[in-house]
Amino acid sequence: MSSPVIALVGNPNAGKSSLFNQLTGLRQKTGNFPGVTVDKKSGTWAIDSQTVTTVVDLPGVYSIYPKSLDEQLVTDILANPAHPDYPDVAIVVVDASNLHRNLLLFTQVADLGVPVILALNMLDVARQQAKEVNAVRLAMRLGVPVVRINARTGEGIDQLKKAVLGQLHEPVRQGKLFFDPAEEATELITDTKAQYQLKNNYLALQYIIQHDGFTFLNRQQQVGLDAIIDKYQFSEPTFQAGETITRYKRIATVVAETVTDQRPANQSTWTQKLDRILLHPIWGYAIFGFVLLLIFQAIFAWAQPFMDAIDAGVAWLNGQLKESLPAGPLTDLLTDGILAGVGGILVFIPQIAFLFLLVALLEESGYMSRVMVIMDRIMRKFGLNGRSVVPLISGVACAVPAIMATRSIGTRRDRLITILVTPLMSCSARLPIYTILIALVVPSRRVLGLFNLQGLALMGLYLLGLFSALLAAYALKLVLRSKERSFFIMELPTFKLPRWNHVGLTVWESVRSFVWEAGRVILAISIILWVLASYGPGDSMQQAENQTRRQNPALTTDALENLVASERLEASYAGHFGHFIEPVIRPLGYDWKIGIALISSFAAREVFVGTMATIYSIGTGDDEGVTIRERLLQERNPETGGPMYTPALAWSLLIFYVFAMMCMSTLAATQRETKSWKWPMVQLVYMMALAYVTAFATYQFMQ
Amino acid sequence: MSKRSVADLKIGERATIQSFDNQLMSLKLLEMGCLPGAEICLSGKAPLGDPICLNVSGYCLAMRKSEAATIFVD
C-alpha cells in the first residue's frame, strides 16, 4: 500500500493549521496542487513503524460550496476520488466552542462518502464559555469516530493516531446520509447516478449543483448535467438553501443532545471589549495607523543592519571568488553576473521576513480581520475589498507574495483589481533607487525641528504609490464591469495568543517562495544582462578599450580601469540598446546611460543602482552610496555644460520608478494567478504609460 | 409598515431572522449560520457605520450593510 493520504478539513480558525504543524512538524513542504496555483501544504506523519502517511492541509472553508478560488479546491478534491490528493481518511477539525456552525461542513464531508474522523478541538475555549461537549454521545449520534484533541498542545494525538489507523484498516462510515438529496429529488438523483456511474447520492447532487466549477469533468459531461437540470426543472439555489436549513435543523438536535451550555446570557467576553476599542470610529483608525507605523519602522529601520550584513557577505564572497578563481569570462559571469544578481535578491530577505512576521502576528492574533472590517468601507469606494488590505500592505515588501495573498478575496473582480494595482505600492526593491536619488537632490535638513526633509521626500514617494494604487483601482472599477455582486462576509475570530511555531513557518514560507520565485527570474535576467554588457558587435569593445588606453596615458591605474570599463560598456550590446532607446527617453531628460540602467532594471528594480555604478565607472569603494552620489553630482550635461543630474532629472527618474512596472517576477506572478497573459500585459502597459507620462510631466514642469 | 432588515437594527438590539430577499446572498448567509428563526444581535459597527458586526449562532460575523439589508427580521 502506498503512503495513505490524510486530508485536514475544517472551518477557518478551527485549528486546522495548528494540528497540521503538530502532526508534521518540520517534515512539511509547500507546492502547488496539480493544475491550480493554490498553495499546497503537505507533510509526512509517521503513525507507527508501518504506517507513514501524507498529510494535506486543505484551505479553510465553511461549506463544500466554495466562495473563493482556494475554497474551490476543497470540493474539487473531496468530490473526485481520482484526484491524487483524494484522502484515504479526512480529519475534520471542528471548533468545539462553535460546534453548531462547524458541524455543517462536517456533515457535508461525511455525506460525500469520504471516511472521516471528527477532531473536536478548542474544548478549552468551550469550557471557558461554560460549554461541555459529550464526545461519546456525539460519536454515537453521528456514527463516526470522534476524538478530543488540543491542536495547540498536542493533547489527544495518540487517540487520533488510533482512530486514523482504525479508519485506514476498517473504515467506519456513517450508517445513512445526514442529508439525503434523494428524499426530495429522487428521480434527479437516480438519473444522475446512473448516467455518471456514481454510488453516492450526495456526490450526485454535487455533480448537479457544482458541475461548472468541477475541473475534473469534461465539457461533454458538463453539458450532460445541464441537460439533466433542464429535464427536471431543478433550481440549484433553492435546493441548496433548503439543504443548508435542513442540515442546520438536524445539527441543532445533535448539538442539543451532546452539548451542555451553562453560559450566563449577555456576558461580554474580553474579545467584545477589545473590539469596542479596535472598531471605534477614532481609536480604531488611530491604532491601525500606529500598527502601520510600526510595520514601516520594522521594514526600514530594524531590517537595515541585517541587510547591510548580507550585502557585505555577498561582496566578501565576490571578492574571494575573484581572487581564488582564474580570471576569465566564466569567473566574471559567476561573480559579476550570477552572484551580483543573486545578492540583489538576498539583500531583501530581512525586509520581507520582518513584514511577514508582523503580518503573520496580526493575522494569528485575530487583529487582521478587524483591519479588514474597518478598511472595507474605504477600500470599496475604490473597487477593492476589505480583504485587499493584506496584499496592499504586503506589497510594500514585495509584490510577488502580495499577489499570491489575493486568493482569499471571493469576488473575482475585486481580486483582479487588487492584483493589478498591488505593484504600484512601492516595494522594497525601489528603496535603493529612492535613497540615492533623494540624497542627490533633497538637502538633508530638519524641518519643523522634527522631520528630516529627505525622510519626508521618501514618505511622499510611498504615499504617492499608495494613492496611485487607489486611483488606479478606481479607474479599473469603472472599466471592468461585472455582473457579479461584490460581497464581504467575514467571521471575526476571537483574539488569541499567536502560535509562535506557526508564525515562524509562515515567515519561512514567504521568504522561501520569494527567493525561489523571484530568484529564478532575476538569475536568468542577470545572466542575459551580463552577456549583453560584456560583449559587443565585432571587436568594437576591444577597439574602445585600446583607444581609451591610448588617449589617457596619464591616468592612475584605478581611474583608467574604471574609464575603460565605462567605455567598453558603451560599445557593448547593452550600450547599443541604450543609444537605441535614447530618442524615446530624451523627453524625460534621460540619456543613453540611464537608458541602459532602465533596460537592465526591467528584470528587477534593484539592478538599477548596480548598473549605474558600472556605467559611471565607480570602483567598488567602501561606501558605494556616497561614491555614486558624488559621481552623479560631477556628471555634466554635454549639451548645457551644467550638471546632468538636475532636480528635474532626478525627480523625473524618481517618479518614473514610483509607477513603472519594472519587475519580471511580478508579471509572472500575475500570469500564474490570473491564468492568462492578458492581465500581466494590461498591467505592464498601463503602469509603463503612467510612468512615462508622469515622468515626462515632472521633467518638463521642473526644467 | 415596510419590512425591517438587519441593517435597520440599532447597536445592542436583538431580532429574529425571518427571510431573505436575495437568493445568492442568502446561500452565503445561511451557511454562516444566519438561519430563519435564529436570533441575531447587532453588536457593533465599523467606523463610518459600515460594515456591521453581528452576533449570530454564538460567534461574531462582519458583513456590509448592503448584505445585512437582504436579511429581514421581525
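## Before you look around

This is a predicted model, where local features need pLDDT of at least 70 and side-chain atom pairs count only at pLDDT 80 or more, while totals for chains, interfaces and linings use all residues. Residues are numbered from 1 along each chain as its sequence is written, chains are lettered from A and ligands numbered from 1 in the order in which they are written, and side-chain values use heavy atoms, with hydrogens and water left out.

Helix α1 of chain B covers residues 23-31. Helices here are DSSP runs of H or I with at least four residues, strands are runs of E with at least two, and both are numbered from the N terminus. After the helix comes Gly33(B), with a positive phi near 95°.

## Annotated sites in chain A

An unreviewed UniProt entry puts a "binding site" at Asn21(A), Thr24(A) and Gly25(A); such annotations may be inferred rather than shown by experiment. Thr24(A) sits in helix α1 of chain A, residues 16-24, and counts as buried because its relative accessible area is 0%. Leaving aside neighbours within four places in sequence, Thr24(A) is in contact with Gly43(A), Thr44(A) and Val55(A), where contact means heavy atoms within 4.5 Å. A polar atom of the Thr24(A) side chain also lies 2.7 Å from the backbone oxygen of Phe20(A). Gly25(A) is in the loop between α1 and β2 (28-32) of chain A, and at 23% relative accessibility it counts as partly exposed.

The unreviewed entry also places a "binding site" at Gly35(A), Val36(A), Thr37(A), Val38(A) and Asp39(A). Asp39(A) belongs to strand β3, residues 39-46 of chain A, and is partly exposed because its relative accessibility is 37%.

From α8(A), the contact uses Tyr202(A), Leu205(A), Ile208(A) and Ile209(A). From α10(A) come Glu236(A), Phe239(A), Gln240(A), Glu243(A) and Arg247(A).

Key:
Buried means under 20% relative accessible area, exposed over 50%, partly exposed in between (1.4 Å probe, protein chains only). A polar contact is a pair of N or O atoms within 3.5 Å; within protein, one must be able to donate a hydrogen and the other to accept it, and residues adjacent in sequence count only if both atoms are side-chain atoms.
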